[in-house]
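Please describe this structure for someone who is meeting it here.

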Amino acid sequence: MSDTRRRVKLYTLNEDRQWEDRGTGHVSCSYEDTEKETSLTVTAESDGSLLLESKINTSTAYQKQQDTLIVWSEAENYDLALSFQEKAGCDEIWEKICQVQGKDPSVEITQDPIDESEEERFDDMPETAQLVELPPCEPERLEEIAELVTSVLSSPIRREKLALALVGTGYIRKLLQLFHTCEDSEHREGLHHLYEILRGVLFLNKATLFEVLFSDDCIMDVVGCLEYDPALLQPKRHRDFLTKTAKFKEVIPITDSELRQKIHQTYRVQYIQDIILPTPSVFEENFLSTLSSFIFFNKVEIVSMLQEDEKFLTEVFAQLTDEATEDDKRRELVNFFKEFCAFSQTLQPQNRDAFFKTLANLGILPALEIVMGMDDLQVKAAATDIFSYLVEFSPSMVREFVMQEPQQADDDVLLINVVIKQMICDSDPELGGAVQLMGLLRTLIDPENMLAPASHVKSRLSSILLLGLQKPVKKAEKSEFLSFFYKYCMHVLTAPLLANTGEEDQDSTDSSEGAARGNPVCPDNFQTAQLLALILELLTFCVEHHTYHIKNYIMTKDLLRRVLTLMNSKHTFLALCALRFLRRIIGLKDEYYNRYIMKGNLFEPVIHALLDNGTRYNLLNSAIIELFEFIKVEDIRSLIAHIVDHFYQALESIEYVQTFKGLKGRYEQEKERQSRGLSRYRRDARSFEEDEDMWLNDEEEEEESDTGKSDYGKFMENEKAKESQDKENQPKRSTTSSFKFTFSHSAAAANANASNGSKPPPSSSSSSSKPAAPPPGQTARTGLVDYPDDEDEEEEEEEEEEDEEQSPRKRPRLGS
């Protein structure tokens, strides 16, 4: 006997009552002399491992369905199914099972699935024989038939006996003929009874009945019966929808009549389950489990048959990417692939691998690149769904494809850039599509699925090789892809953010409150604010997971300053996103970031937002307080000194929390320790450039280019050159951020119970003893704390400060 006849797929029913594919193999019956028992064993087709070994118990109820399925339960919540490739193999194993249990192979179920007590009670009933004696199929007996069908639903044995009687006597077709009679004569009461009868027949949950009910000549009459729900004043018009509205369109002619019939049947049965039948109650939730299985196995067959027809799929791809294809036709093709991918989720893992390998070989990703860039919203939405299936299945496959693109494509047409642009240009007011695409981008740039754990390397290797990517997974994937992403794609992602936070040239003589408080570059449009919030969420993820690349990008673009511009947005959620970005950076406790924050005076907009919030106790207030509390608890000394030196006079009257007084206390404690010589809290002797080199030579610097100089180093050199030019030209306009801080609330307003005599916010003149914050791009040269033995060094630094004071690039102080 050939192995093909015994080739099966093994399924188990999970807790959600969904069938899960456990693998493909070959089944056999083996008898053990020592145990005196016969077992069913399934050996895996791929590696010969044992997928199943199940003893054939004489009390187990085995059920044969659809000629190629054998289903049984081995425990209360453990159902198994064998789906045979050929009917002959199913018949052979069924005969073996029946032989062990002493049953006639002509039966569809070997045991009555009831306990002994119920069986005894049932046998004692004298009306037993009447349960299988069906009344004549006549209009005046419909009420009696409906009562009979409804009465058996509570007993498994009665359901089984009634199902056998319905199939054996051809009773279903007689009922459907009677349906036509009642509908023609408008016999409404009879139609209501037929609804109850057909609904009850479906709830018998028998595959043998479904084969009759869902056959081509019966299924539309079944739908007709189910239109006449007694609870409705007027019958639903489901048949009109299925025959007129939901017309089947063959994107490419299907020559296989069996495949076409299977597609029609599956759609209609799914419609019956999802639309026509009411949602089952708690007591009915298991009545349609076989119906779900019927749909599931139909989908498996459809995907398998389509996948094997390479000529069909090749033609679909050819028309999908052909520029001459009409828009309506292309829309149908994309929707077909969307349904095709959705059906593929029913396949077992190795078959799903083969399915996506087929799509990859046919060019699914280049095709998506074309259709996602089109203007048709329906096509974009369907293409996005297909892309999500591919990313969920194998992010590495998508990454491998996009990294090969720059060799033959411009940046604007790269697949990831097409996805980013679609996210940015989402026309949905709620940005539903943008949220979905952002999640996909996050998956693609997540290093966690780039470096597979050792236990998963083998499966990842087989997955990649199956997809035709003849390259093993390697540790370099992270550095290679991230380098690609930041080089070719990051500027596209951040373009809306940079465009909406650009520095506006503003005459320095314009010091009116409207000019100072207003921020024209800060977006007031709600949809734009939503988009920027999504982008910031992705950038915050990058800060947490892309240490080197995002750090270099932030420094090069001065990105944090641009982001903190959004603290002035009227949309609080956007201000919170900007604050969260800063919080993640500070949470890294990276002194390189800390120097960047202090050098740029980047706490200024945060302090402004806190004071401008006034006495309101809200999420923004709490988030800002948490930021400074974190700095205090973690004792980030450089930031503590910076905050106290520059902002404490504006914050000291805030007494509803002890955060700022605690910061001052930490600052003074450190200063006292230094004065006693217990510790030295001074600037590192290394120059800033040397420290930068130390960072760039970190373990991750395998990723740095061969030039030996980081983008940030070049950025610093350019900034210094600009600074020298500025000193010579002495321009009248400031190049700093558009923020000009004139607080509408006094600092004391932050306390509900503050006295009227609280100090006003400090002006630049009142704090002239403190050094001004250095401008962007210039290294801070002053020590964080004064030392008695630093006099010589300070004399040199004072000369530099005098030069800085003359520079028009000097950042305005808080309160100026």
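Helices, like strands, are taken as DSSP runs, a helix having at least four residues, and they are numbered from the N terminus. The model discussed here is a predicted one.

Helix H11 spans residues 289-308, and Glu308 has its place in this helix. With a relative accessibility of 64%, Glu308 counts as exposed, and Glu308 also belongs to a negative surface patch whose other members are Asp256, Glu258, Asp309 and Glu310. Ser293 is likewise found in helix H11, but because the relative accessibility of Ser293 is 6%, under the 20% limit, Ser293 counts as buried. Although 212 residues separate Ser293 from Ala81 in sequence, the C-alpha atoms of these two residues are 9.9 Å apart in space.

Strand E1, residues 7-13, has six of its seven residues buried, and it is therefore largely enclosed by the rest of the structure. Strand E1 pairs with strand E2 (residues 19-32) in the antiparallel sense, and Leu10 stands opposite Gly23 of E2. The pairing of E1 with strand E7 (residues 78-84) is also antiparallel, and here Thr12 stands opposite Leu80 of E7. The two pairings are set out below.

| Strand pair | Sense | Bridges |
|---|---|---|
| E1 and E2 | antiparallel | seven bridges |
| E1 and E7 | antiparallel | five bridges |

As a general point, side chains in a regular strand alternate between the two faces of the sheet.

Note on methods. Residues numbered from 1 in each chain as written. Predicted model: local features only at pLDDT ≥ 70, side-chain atom pairs only at ≥ 80, totals over all residues. Heavy atoms only, no water. Patch = residues over 30% accessible without salt bridge, like charges linked within 9 Å, V, L, I, M, F, W, Y side chains within 5 Å. Areas by Shrake-Rupley, 256 points an atom, 1.4 Å probe, with all protein chains shown as cover. Salt bridge = Lys/Arg side-chain N within 4 Å of Asp/Glu carboxyl O. Lys, Arg positive; Asp, Glu negative; His and termini not counted. Charge placed at Lys NZ, Arg CZ, Asp CG, Glu CD. Helix = DSSP H or I, 4+ residues; strand = E, 2+ residues; numbered from the N terminus. Buried < 20%, exposed > 50% of the residue type's maximum accessible area, 1.4 Å probe, protein only. Pairing = 2+ DSSP bridges.
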